[in-house]
Amino acid sequence: MESSEVISSIVIGIVIGTLGRLVLPGRQRISVLWTVGVGIVAAFVGTGIAADLGVADPKGIGWIEWLIQIGLAAVGVTALERAKAHS
């Protein structure tokens with residue numbers, strides 16, 4: 001992975017984290033930095049899953065890859081919020 005790909009994945013991760021947080025109902029009690037971190041991880045993992053499924057490089061916008069990434073971010077934000085609530 002080239003440095004430009006890493007930088008673009010981080011930027012995409014910020015967007016993914018925000019979208020993952022927005023699809024969840026109610027207010028989340030985790031910081032924006034945690035949300036961004038979850039989004040970055042979800043972007044990298046979602047890209048890997050999309051590549052394994054063969055949907056990572058479509059001709060046009062990778063909607064399926066984005067949905068996978070946003071879903072992972074929503075799951076990650078929820079899991080982190082629950083973990084913080086129990087501690």
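At what angle do the axes of helix H1 (residues 3–22) and helix H2 (residues 32–53) cross? They cross at roughly 120° and come within 6 Å. This is a predicted model: local features need pLDDT of at least 70, side-chain atom pairs count only at pLDDT 80 or more, and totals for chains, interfaces and linings use all residues. Residues are numbered from 1 along each chain as its sequence is written, and side-chain values use heavy atoms, with hydrogens and water left out.

**H1 against H2**
- Axes are lines fitted to C-alpha atoms over the stretch in contact, with angles from 0 to 180 degrees between N-to-C directions.
- The crossing of H1 and H2 is right-handed, meaning that the near helix is turned clockwise from the far one by less than a right angle.
- By class, the contact of H1 with H2 has 11 nonpolar, 6 polar and 1 charged residues, with Gly counted as polar.
- Contact means heavy atoms within 4.5 Å; the H1 residues involved include Ile-12, Ile-16 and Arg-21, and those of H2 include Ala-42 and Ala-43.

**Glu-65**
- Glu-65 lies in helix H3 (residues 63–86), a DSSP run of H or I with at least four residues.
- Glu-65 is buried at 13% relative accessible area (buried is under 20%, 1.4 Å probe, protein chains only).

**Gln-69**
- Gln-69 is also in H3 and is buried, at 3%.
- Beyond residues up to four places away in sequence, Gln-69 touches Ile-12, Ile-16, Ala-42, Ala-43, Gly-46 and Thr-47.

Definitions and conventions:
Helix = DSSP H or I, 4+ residues; strand = E, 2+ residues; numbered from the N terminus. Buried < 20%, exposed > 50% of the residue type's maximum accessible area, 1.4 Å probe, protein only.
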